Amino acid sequence: MTAKLVNKLIGLGFESEKAKALDDRFDAIAIKTIFVPAGLGKAGATAGFTTATNNGTATCAATITSGTFTLPIIGLVAGDIISAFKVIAQIESAGGAVTLDATLRYTTNVAADPTDTSLGGITQISVSADTASAVSKTLATAYTVTSGQSVYALLTATTAGSTDIQVLGVEVTVVSAQE
């Protein structure tokens, strides 16, 4: 591989030494973006989100406080390395306050109960004007997916009267290494 690829990995949030170790260990590294449409998700524990059957989006209606939505990140395999994620959404503000939080999380199957861990979050996408949002988060530490884990995005939204949020999906930046 090349110094250009090592620099690209560093730009994706990898520490310099980890990027060099990947360069030394693997024959090929593919950097890809996985897009997961919101239509694959489900309303979370707190009411507010519904999925549309005609266009694959999810909407948080007006006057919702801390409505939650979970979106499974599909297409990952053990060994994939997640470096960043982005929420793609249209926020209808109508001059009112609207906030959207997003956390990339994973669950691990263990004997007692599955554990649930945060990889990083986007805090308070807050707007007071209609906005096409595509806010991204580079993880503080790149995360390697292991067998038996499930990665998902947890969205939490608060809307005022005459406002809503329409989520199109989540993009995840992944490095796949092949030996």
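Predicted model: local features only at pLDDT ≥ 70, side-chain atom pairs only at ≥ 80, totals over all residues.

Student: Noted. So which residues touch the most other members in the largest nonpolar core?

Tutor: Ile73, Ile82, Phe85, Val87 and Ile165 do, in a core of 37 residues.

Student: Take Ile73. What is Ile73 in contact with, leaving aside its neighbours within four places in sequence?

Tutor: Val36, Leu104, Val151, Tyr152, Ala153, Val170 and Val172.

Student: OK, switching to the sheet. What's the strand order in the open sheet of five strands?

Tutor: The order runs E2-E5-E10-E7-E8, and the pairing is antiparallel. Strand E2 (42-43) and strand E8 (115-127) are the edge strands, each pairing on one side only.

Student: And over how many bridges do E7 and E8 pair?

Tutor: Over 10 bridges, in the antiparallel sense, with E7 covering residues 98-108. To pick out one spot, Arg105 has Ser118 in E8 as its bridge partner.

Student: Now aromatics. How many aromatic pairs does the structure hold?

Tutor: Two. Phe49 and Phe69 make a tilted one, with 5.2 Å centre to centre and 35° between the planes. Phe49 sits in strand E3 (residues 49-51) and Phe69 in strand E5 (residues 67-72), so this pair ties together parts that are 20 residues apart in sequence.

Student: Are those two Phe residues buried or exposed?

Tutor: Phe49 is buried, at a relative accessible area of 5%, and Phe69 is buried too, at 1%. The cut-off for buried is under 20%.

Student: What about Tyr106 and Tyr143, why is that pair stacked?

Tutor: Their ring centres are 4.5 Å apart and the planes lie at 20°, so the pair counts as stacked; the cut-off for that is under 30 degrees. Tyr106 is in strand E7 and Tyr143 in strand E9 (residues 131-144), so to speak two distant parts of the chain, 37 residues apart, linked by the pair. Both Tyr106 and Tyr143 are buried.

Student: Is Ile81 buried or exposed?

Tutor: Ile81 is buried, because its relative accessible area is 8%.

How values were computed: Residues numbered from 1 in each chain as written. Heavy atoms only, no water. Pairing = 2+ DSSP bridges. Helix = DSSP H or I, 4+ residues; strand = E, 2+ residues; numbered from the N terminus. Core = buried A, V, L, I, M, F, W, Y, C linked by side-chain atoms within 4.5 Å. Buried < 20%, exposed > 50% of the residue type's maximum accessible area, 1.4 Å probe, protein only. Contact = heavy atoms within 4.5 Å. Phe/Tyr/Trp six-rings, centres within 6.5 Å; stacked < 30°, edge-to-face > 60°.
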